[in-house]
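Dear colleague,

Please find below the structure that I am handing over to you.

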Amino acid sequence: MKLNVVQTFDLDIDFDEEILQQGELISDKLNMLRLEQYPPDAEKGLRLFSSAEVADFLGVTQNHIKKLHLEGKGPEPLVSQSGRRSYTAAQMMELRAFLDKHGRTDFKRYVPQRRGGEGLQVISVVNFKGGSGKTTTTAHLAQYLALTGHRVLAIDLDPQASLTALHGMQPELDKNPSLFEALRYDDQRRSIKDVIQPTNFPGLDIVPANLELQEYEYETPLAASNKNSPEGRMFFTRITQALKEVDDRYDVVVIDCPPQLGYLTLTALTASTSVLITVHPQMLDIMSMSQFLLMLGGILQSIKGVGAKVRLKWFRYLVTRYEPTDGPQAQMVGFMQAMFNKRMLTNQMVKSTAISDAGITKQTLYEVERSQFTRSTYDRAMESLNAVNSEIVSLIHKAWGRK
């Protein structure tokens, strides 16, 4: 007997309402989790750092840190019953300033901030494809720069606002303004100073993101096509102009660009002194990066023809989520090194459950306690992370003309 199968389709359902409801539901649930972790009257805190970590960030020996404490010099650390010393991030900055003032300044400077004639460094972290570790890279780099004594501004330019979320903010509920306020074309445009927020890391501020950033992608082509709008035709200078207002407040700006080659990314690249391209060592990701580079090169040539000046001190490819024991991945890394050896960072960011697990609670590896993980897993991830970030710091200092 032949059965007649009747297929039914949801032809009369308004999916827009359901989609909005589900978006609101997710937002509400995430807010409940956030309230459990951070009550309304609490700010996102930061763990203590061991004397070994402090010594590493300051570039001195652990014995030197111990000696300073025993001599009553510098800030007073928390000392455990076993004699272990721990410092807050603020105390680490205080100790850095003490060493810079009382140490052998002819031998070493402990405060690495800009000096006379050294320009603001603007690093854009980009990739055409999501999932390359772009936001994770940006967050850890910005925090590492702050922990090593630099004055840092992180800009979340991705409307999805993942970098913002990592720093304890929920855009649709907190209603923090984004960089769009400093980029918009109407008379409501504001100074970038009005949208900068502090973070739980001393020395690190952030410009949060929200969905309103997407308006820039819609408004820019309209403004650019308006013959009476010179601002629109020179849209690519808008971040450059905004940053001039806070040039004296920061040493480094790190921009998390959206995973697409739109007007936001182009405006960021025009403001940049350096570019970091994250890439996952898989064939499809490298193929995607090839298309990204072809499009990027063509567009940069086009805007160069109308007055844009993209003057990069350096650009590098950073291999992320790398599994050294994975044969095909190792082969892809070798493939890239053979082609772009001078443009590849020497160090790779290894794939680690420590980083992904920390992200579940909206934290980075610099925020979580080592005791929460298997020590070998944590140490391996931290070693890789610090090696990558230290290499980038060297490039920044070289761009300043330092040895």
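The notes below take the pockets and then the aromatic rings.

The model is a predicted one, in which local features need pLDDT of at least 70 and side-chain atom pairs count only at pLDDT 80 or more, while totals for chains, interfaces and linings use all residues. Residues are numbered from 1 along each chain as its sequence is written, and side-chain values use heavy atoms, with hydrogens and water left out.

A pocket here is an open set of points on a 1 Å grid over the protein atoms alone, where a 1.4 Å probe fits and protein lies on both sides within 12 Å along at least five of seven lines; lining residues have an atom within 4 Å of a point. A volume is the space filled by probe spheres set on the points, which are joined across faces, edges and corners. Helices (H or I, at least four residues) and strands (E, at least two) are DSSP runs, numbered from the N terminus.

The largest pocket holds about 1000 Å³ of space. Its lining comprises 42 residues, and T135, T136, S162, A165 and L166 lie nearest its centre. Helix α5 provides the largest share of this lining, five residues. By class, the lining has 16 nonpolar residues (Ala, Val, Leu, Ile, Met, Phe, Trp, Tyr, Cys and Pro), seven charged (Asp, Glu, Lys and Arg) and 19 polar (the others, Gly among them).

The second largest pocket has a volume of about 770 Å³. It is lined by 26 residues, with S50, A52, E53, R84 and R370 closest to its centre. Helix α16 gives the most to this lining, six residues. The lining divides into 11 charged, eight polar and seven nonpolar residues.

Rings of Phe, Tyr and Trp (its six-membered ring) pair if their centres lie within 6.5 Å; planes under 30 degrees apart count as stacked, over 60 as edge-to-face and the rest as tilted. The count comes to 10 aromatic pairs. The ring centres of Y317 and F340 are 4.9 Å apart and their planes stand at 35°, so this pair is tilted. Because Y317 lies in strand β10 and F340 in helix α14, the pair ties together parts that are 23 residues apart in sequence. Y317 counts as buried (under 20% relative accessible area, with a 1.4 Å probe and protein chains only), at 4%. F340, at 25%, counts as partly exposed, a class that runs between buried and exposed, the latter being over 50%.

Yours sincerely
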